[in-house]
Each structure stands twice: as structure tokens, then as C-alpha cells.
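Biologist: I would like a close look at a single part of this model, followed by its surroundings. Please keep it to what can be read from the structure.

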Amino acid sequence: MTATVESAPVTTRHPERPSRRRTQARRALVPYAMLAPGIVLFAVFMAAPIFYTLYLSFQKEMVEGLGLGSGSRSQVFAGFENYVSALGNPEFGASVGRVLVYGLILVPAMLGLALLFALLLDAKRTRTRAFSRTSIFLPYAVPAVISSLLWGFLYLPAVSPFYWVFEQFGWDVPSLLSSGLVTFAIANIGLWGGVGFNMIVMYTALKAVPSEIYEAATIDGASELQIALRIKVPIIAPALVMTALFSMIATLQVFAEPTTLRPLTNSLSTSWSPLMLVYRDAFTRDDVYSAAATSIIIALATFAISFIFLRVVQRRAFGQED
Amino acid sequence: MRRTLRLGALATAAAAALIMTGCAPDAGQAGTADDPVELTYWAWAPNLDKVVDIWNEEHPEIQVTVNKQDGGDPAITKLLTAIKAGSGAPDLIQAEYQKIPTLVASDALADLADAGASDIASEFPDGVWDSVTLGGDAVYAIPQDTGPMMFYYRDDVFQQLGLSVPTTWDEYAEVARAVHTADPSKFLGTFSANDAGWFAGLAQQANSEWWSIDGDAWGVGIDEEPTQKVADYWGGLVEEGVIDNKPMYTPEWNAGLNDGTQVGWLGAVWGPGVLSGNAADTAGLWKAAALPDWDASQPSNGNWGGSSTAVTTQSKNVEAAVEFATWLNTDPEAIAALVTETGIYPASTAAAAGALTEAPEFFSNQPDFYDVAAGAAASVAPFQYGPNVNVAFSAYNDEFAKAAEAKSRQAFLDALTAMQTITVDDMTSSGFTVK
């Protein structure tokens, strides 16, 4: 199509050729002009900070003597020093380990519940569908900091209504903010906020399935449960893969919940999650250089994990499309 | 991506700061009423601008504009960014004492010794003056307020149990046991792993030297006898279970202040504000006393909080700035306004005595409140902060949180060792000479 449109003016003779060429050149620039705002914004707010972070990650600050007075501090090239110390930092390894445990608790529970709710909402006999859908989705609209504060109050035995009830029954329930249970406490906040969003994604995918398939299955004698497990779940597999991927990335980046809960308990350190470690290094310890190196490592790891995950599940999830 | 965005935000902040300097004063000449010297002042104390208004009215030749900051930490982060960027810093900044060495190490603070600041040393207690000179000849800031530590307790509970106010730490431990035995839900206090400044104050009282300057080298003495004594003492009480192990300033702690399960609090002179804000209904039930001593014959105290007025290296009007800062922190009229408007406890000894006569409303049952406070302020031991207080403080949060959770005396001592190691490692890896 485009080829014929472009070739048309060339074959047509015209007296005012130069001005025509100018119009053509101008026309060729139009798409770039339209792209310009996007490109500029991307360059200024995405590309430039990323390159600056890369640059900083290879620098460090050196001090001489007491470090007091002018000129005693200078920024020097550090090579891979920041990367080596970040990878060798036991706090970093520990934070990654904690986040993996957190993810193992959160992601299956969140996606399982989301799938269950999506299938229930999609089932024929379900009543008060709109109300249920909204009330399950609503927590997603609450910012993580707010929900962490709310849950923080509910977790603290002295101010929590739950613990008041437990006490009336004479049960001795351990504090959810104690070191053994705090990961569950944080995962619960993520679960509360995340189920609704994932459910909506899955439910939307279910709505897109043509109803003839279900009719055919019913005629063949399949029960509601069989339809759900053998037809609905395999059909929305791509949506499941996508939500799993997003959930895994969100898990690696957990920050707001543990940061908000930290002042309430002794069992969360300032390096509980990898991003908290980056934040502490950059803004508490004034060491943006090693914070930059750790950021790059986390970004690369996130990218690698997403890529591997997609490679592994793609064939199974999207197999029928090939 | 979010991390890189945050760095971008830093750059934006720097750019914004650049724009703000567009209206900085042009030359260093003395101002006149028609062509005044204009000074910018970053501060976060509430209502400070009202005190500055008094100055501006009386001194048409030097006009000061207060630029309200979010708090001590964000203001310093912003200042360090402006210093790195080469412009954008204000003339004056409100700086907490523990931030001064960090700021000096980043070459952010001007030496005020030659601009007339040395002459007012006698206005302030020695311990406070040391923290703005770092023990040398330079003067990096003018002290504004201090936070001598005090012991707050529920007088009604003490009377009910027939307890007397502890004057030594041994007595404090006895009272803690008595309170907890009488009612296991009650504690005389809590060991807070969240408040490094609080622990530093307790260490200061025990005559610790966390940092020291020896010729060209820094000494770090966190894990040494005085602080070990403090850590061992608190570890013992927490292990025994007679002192709570939960952090301060949580909803749970507030509930404890209200319902009487927290029977005492090791706070500072600004405590009435905290207590009236968090437990207003308990007004009249509390009393204040001096911090218990290690040795009753040698009263000593520590500081928790307090800040100073510093002049930045980017200021072109250091002398005018010093003139203003001196007025703000020593003039009786200014101090009186600071006390009523911002509610601080002034560092200037004479001015504090003149301005603070009537006890705070929350302590109307204790008319001699400010006499107790004056005694607490007079016995503050000297204490030197180092160039990486931020690192040591965040190490305190992490290591002592673990120890408090473990409720073991040995864990407290291990935490102190870890705090020392992290602090020294950070200094050596940045290139500081550490002996």
C-alpha cells in the first residue's frame, strides 16, 4: 500500500518540483515530530537516569585523613569494586533469601485465590456478582503505605481488636510481628492488596471465551467443576502466566510494606528486602555509589528471571497458538 | 526502574535548588535599609518564621527568609546535594548536633570562628559548645536548643506501690523489678532499638567516647567499657524481662503511656510535648526527675536531640549570617520568642533561665519542672560525634533490634561489637584515617 502511494508523485510530472520535494521532506519529518515528545520524555526520565546510575555504580568517594575541611573528599573511578562488595555483602544475600521466601508464600496464595474468585464469579449460579467483584477489587485501590499502616495496627497486640478477642477466649496468640511470623504478616498485606487486581485480569480473560465452548461441554455431560478445571483454566493460561510474571517482579521489588512496618517491630531490619538495602545505602548512609551498583544488579536479575520464566512457560501456555 | 527514578528525583531536586539560587544576594557588602543583605534559612522548627519576623522588623539591612523544611534528615540530604552540585544551598541551615561532623566532612559548613562566633562560647554549656567545634578551634554552628535527658514517671503508680524515685541505675533496676512483679503487664520503661539518639544519650551520660580526634586520625570507641556497661545493663534488664523490649513511638507504646502499662519513660527535656500529644488524658499524673546516675556522687547526663544554626560554605554573607544566628540564639527577646513559638529548650544557659519560668501545662502539678531541667542541662557530659553518625545509627537500629528480639544480655554486647565493626569498616573503606 505505502509503496504505491509513494511512487505515485514520482511518475506524475509537475512544474514546481523543488517546492514539492520540500513538502515531501516535511512530510517525512512529521512522524518524528510526533514521536519527539515521547522520545524526549523517555530520554530525560528513563534513559538518562539509567545511564547516570550505571556511571555512578563505577564511581566511589574517597576521603583523606580526617575528612574535615574543603577538598578532602573526591569522587574517583572504582572499577567493579561496588559490584564485588554488593555481591559479597551478606546483607544482600540475606535480603534476597527473605524476599524469595516471601514470594513463595505470597505468589501461589495470591494467584490461587485470584483464580478461585475469578472462576466463582464466572460460574453460572453466582449471585451479587458486581458487588463481590468490586469488594474483592477494592483493596487494590488502597496505597500500600496506607494498607501497611492499617494492618500494622491490627498486628500490634496492644491495639489490635483481633488480639482483644483472642484474649477474651483466653488464647495465647503470638504476635504476627515477631521474627518468625513477620514474613507472613507482610505477605498477608500483599495478598490483601493483590488478589483483586489479579482476579480482574483472569475474570476479563474468562469473559472473552466464547460461550459455545461451554455449551458444547455441557451437552457432552461435563459438570461445572469439570468445565472450570478442564476448559476455563487451560484457556486463560496466558493470563495466568502474565499475572505470575507481574507478581514475581512485584515480589522482588517489595519495599513499602516492610518499610512502613519497620518502626513498629524489632524483627524487620533496614535491609530486610533488596530495595530497602538500596534505599538505606543511598539515603541513610549517603553512599549512592554502592546503592547504584546494587540497583543495577537487581534490575539485571529481575530481567533475567522474567526472561527465563517466560521461556520455560511460554511453550506450555501458548503452545496451541503455534 | 523505580530506583533509577529515585536518582532522577535527586537530580530534579538539585535542579530546583539551582533555580532557587537565582535570587541569592549578589555581593558581600554590608546591607542598607534600601539595599538589604538577603539571607535564606532552611529550618524545620515549627513557627520559626514568626521569630525571624521580629528580626526582620528590627533589622531592615539584613532580611532573612525562612524556607520551611520537612525535618532534620531531608534538609541535610537536600543540603548535601546542593553542596555536591556547587550551588543551591541556603545561607543558614538548622542542623542537629550529630549531623555537624558529616556536614563538615562534606565541606558544607563555613568556619564562623573569625566572624565573631568564638566570642559567645561562654553563653553555652561546655558539652554543647564542643559539639559545634568538634573539639578544635573552628566554630561550625551556633547552638540553638538542647535535649538534656530526663526521667519521667507516673507519680500515681509510684505512690500506690510505695516506690521512691530512683537516683542511680541500680535503684532504677530495683524499681523496674518492683513494678513488673506487682503487675506483670507493667514496665518501668522499654529498650527502644529504633532510637539511636536515645541510646547515644545514655552512652554520653556514661562518659563514652564514640568518636575522637587524635592528631590526623579518628578514633572509634563505641565498643568500649563505658558503652559496654550501658549495653550490658539494658541487656540484663531485658533478659530478665523486667524492662520491655518494644520500640518507642509506636501505637503500642502510645497505648502503654495511656493505659499505664508504661510506668516510666527515659525521655528528654522536650518530653512534655510528646506526653501531652500521645497521652493527653494522663496530664497531672506524671512527674519529671533527673536521669538516674551510675555514680550518685558524680552526676552526669546525656543529650537526646537538639540542633544548631549553621552557615553554609555557599553563603556570600557569612558575617551577616553570624550576626543573625547570634541574635537568634542568645538575645533574650529572640529566646523568649523561640520558647513560646517553637517550644524548644534553649541551649544558651542564661537565656534559658530567664525565659523558662513556668512549668509546661502538662506538668502543672510540678512547678519546679524547669529547675529539674536546668539541673539536667548543667550536668551534660561532653560528647563528640563522628563523620559517619548515619552509618553508626542505622547499624544500631539493625543490630540492637536483633538483640532486643533475642532478649539476651550477650546479644546486646554482640550488637555493640557489630555496631563498632560496621562503623569502622565504613570509615576505612571511604579512606578516613582510623587509628
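Predicted model: local features only at pLDDT ≥ 70, side-chain atom pairs only at ≥ 80, totals over all residues.

Biologist: Where in chain A is A:Asp286 found?

Modeller: A:Asp286 sits in the loop that runs between H13 and helix H14 (288-317) of chain A. The backbone of A:Asp286 has a positive phi, about 55 degrees, although the residue is not a glycine. A:Asp286 counts as buried because 20 other C-beta atoms lie within 10 Å, and 20 or more is what the term requires.

In the whole contact, 37 residues of chain A meet 38 residues of chain B. Sorted by class, the chain A side has 17 nonpolar, 14 polar and six charged residues.

Next, the division of chain A. Seven residues of domain 1 of chain A and six residues of domain 2 of chain A make up their contact. On the domain 1 side, H2 and S1 of chain A each give two or more residues; H2(A) gives the most, with four residues. That side has two nonpolar, three polar and two charged residues.

Chain A also has a helix pair to describe. Helix H4 (residues 90-122) and helix H8 (residues 182-207) of chain A pack at an angle of about 40 degrees, and their axes are 7 Å apart. The crossing of H4(A) and H8(A) is right-handed. By class, the residues in the contact of H4(A) with H8(A) are 22 nonpolar, four polar and two charged.

B:Glu252 is in helix H10 (residues 251-259) of chain B. B:Glu252 is classed as buried because there are 26 C-beta neighbours inside 10 Å. Neighbours within four places in sequence aside, B:Glu252 is in contact with A:Leu156, A:Ala158, A:Val159 and B:Lys246. B:Ile213 is in strand S5 (residues 211-214) of chain B. B:Ile213 has 17 C-beta neighbours inside 10 Å and is therefore partly exposed. Leaving out residues up to four places away in sequence, B:Ile213 touches A:Leu66, B:Leu134, B:Gly135 and B:Trp218. B:Ile213 and B:Glu171 are 42 residues apart along the chain, with 35 Å between their C-alpha atoms.

Chain B also has a non-glycine residue with a positive phi. Phi of B:Lys407 is near 50 degrees. B:Lys407 lies in the loop between helix H16 (389-406) and helix H17 (409-430) of chain B. With 16 other C-beta atoms within 10 Å, B:Lys407 is partly exposed, whereas A:Asp286 is buried.

As for the domains of chain B, each is assigned as two segments: domain 1 (2-146 + 306-372) and domain 2 (148-303 + 383-430). The C-alpha centres of the two domains of chain B are 28 Å apart. Domain 1 of chain B puts 23 residues into the contact, and domain 2 of chain B puts in 25 residues. Helix H4 (100-105), helix H5 (126-133) and helix H15 (369-378) of chain B each supply at least two residues of the domain 1 side. The largest share, four residues, comes from H4(B). By class, the domain 1 side of chain B has eleven nonpolar, eleven polar and one charged residues.

Finally, helix H12 (residues 318-330) of chain B has 13 residues and reaches 18 Å from its first C-alpha to its last, close to the 18 Å expected at 1.5 Å a residue. The buried residues of H12(B) include B:Val318, B:Val322, B:Phe324, B:Leu328 and B:Asn329.

Technical notes. Residues numbered from 1 in each chain as written. Chains lettered and ligands numbered in written order. Contact = placed C-beta atoms within 7 Å. Nonpolar A, V, L, I, M, F, W, Y, C, P; charged D, E, K, R; others polar. Axes fitted to C-alpha atoms, helices over the stretch in contact; angles between N-to-C directions. Left-handed = near helix turned anticlockwise from the far one by under 90°. Expected span 1.5 Å × (residues − 1). Buried ≥ 20, exposed ≤ 12 C-beta atoms within 10 Å, placed from the backbone. Domains from an automatic or database assignment.
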